[in-house]
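Student: Please take me through the pockets of this structure. I would like a close look at what lines them.

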Amino acid sequence: MGVFTRRRLAAIALVATTALLTTTACGGDDEAADGGPVTLTVDVFGQFGYEKLYRQYEADHPGIKIVERGTGGNLDEYSPKLTQWLAAGKGAGDVVAIEEGLLVEYKANPQNFVNLLDHGAADLKGNFLEWKWNGGLTADGKQLIGLGTDVGGMAICYRKDLFAAAGLPTDREAVSKLWPTWQDYVRVGEQFKARNTGAAFLDAATNTFNTILLQTAGNTTGYSYYDTADKLVVDSNPAVRQAYDTTVDIIDSGLSGRYGAWSEEWVSAFKQAKFATIACPAWMTGVIEGNAGPDAKGKWDIAQVPGSGGNWGGSYLAVPKQSRHQAEAIELAKFLTSAKGQIGAFQEKGPLPSSPQALDDPAVVGSTNAYFSDAPVGKIFAAGAKSLKPVYMGPKNQAVRTEVENAVRTVELGQRNPAQGWTDATTNARKAAAK
């Protein structure tokens, strides 16, 4: 998600779940000791689409009960909690989701996780895209700390009713032809703005910035904030500056709704139809549906992303060594990341499989999404998944990304000019990397 997301990073609401995160993952121990069911806790962020899979697994494995804990799409809340639990040696779930941008940090302490290679996982290598499998391995290749869930893929999701109100085409193929480049996307946005529909053209500059960065990096250097030698290159990687400058053009054109991504205001903006387009990796479709609600069914559609491809999001499932039910947790992680599990998650919430077998399955290839005007999501997202170019994430990727996006946000809000924002981005990124 992501999944990819955040996940991969999908937020419906940041409510109620925080209290769950303060509990430990050992709730089923007493039951198991008494001959009752073994309770497995799964920690996730966002929507992984696992609910039906849990119930199926429980039905096929009497004596297993599964409880999911989550934080909406708030990685800034989820990751510190997971880090804290791992350091304390207690509190983490039996299975934990790790977003791809944070994976390098967790691989630096592989002793916190079960080595899945010791439990038959090597036989599963062919079930994943090669780069996705390799991403779960430690640098020496001796330990596999996570099995891949999804990949991101990229598109633009848009509101047909708002496009119609602005006198723009609404057919997805016609819309895709409007913006072969990001410069064209800005031009279309200016046309939309001129029609005064009462909605912004896009939701948040930070989401668009991240999309452009990952697309540009994937097609050029192959890395974003760190190079493959783990050297911080925020101010020397042309992909970062190009993404920043393009995003500034979008901001200067007044196209952003200036909603803080993943905030309650952002969630409300979906329901109130306050923006017309959003950068849309596969896992974002589930976020949009959840946030916009049933009344918006058929008002959304999906078009091609400007530029060429891209990948935003994707996660892994790992088993912390502190789990008291390691054997059961390992089998559950294998099931959830199997081709069958990935297909089920895709059908439920949209995270694009990282399994070649799943990507070739008719259930994925031929899939349409009724909420998005019966868009052929299988063709839109799955067709290019096998040729996705991964972007290397360095050891402090999430912390650095946060600082850069914070700087973009200050420019978006008019608190800093573009030159000041760039200085803040590079300066604060270096500080974050040094911590």
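Tutor: The largest pocket holds about 570 Å³ of space. A pocket is an open set of points on a 1 Å grid over the protein atoms alone, where a 1.4 Å probe fits, with protein on both sides within 12 Å along at least five of seven lines; lining residues have an atom within 4 Å of a point. Grid points are joined across faces, edges and corners, and a volume is the space filled by probe spheres set on the points. The model is predicted: local features need pLDDT of at least 70, side-chain atom pairs count only at pLDDT 80 or more, and totals for chains, interfaces and linings use all residues. Residues are numbered from 1 along each chain as its sequence is written, and side-chain values use heavy atoms, without hydrogens or water.

Now the lining. It has 29 residues, and Met154, Gln304, Val305, Gly309 and Ile380 lie nearest the centre of the largest pocket. At least two lining residues come from each of helix H8 (172-178), helix H10 (205-219), strand E9 (300-303) and helix H18 (377-382). Helices (H or I, at least four residues) and strands (E, at least two) are DSSP runs, numbered from the N terminus. By class, the lining of the largest pocket has twelve nonpolar, 13 polar and four charged residues. Ala, Val, Leu, Ile, Met, Phe, Trp, Tyr, Cys and Pro count as nonpolar, Asp, Glu, Lys and Arg as charged, and the others, Gly among them, as polar.

The second largest pocket holds about 460 Å³. Val104, Lys107, Gly135, Tyr392 and Met393 are the closest to its centre among 20 lining residues. Helix H6 gives the most to this lining, with four residues.
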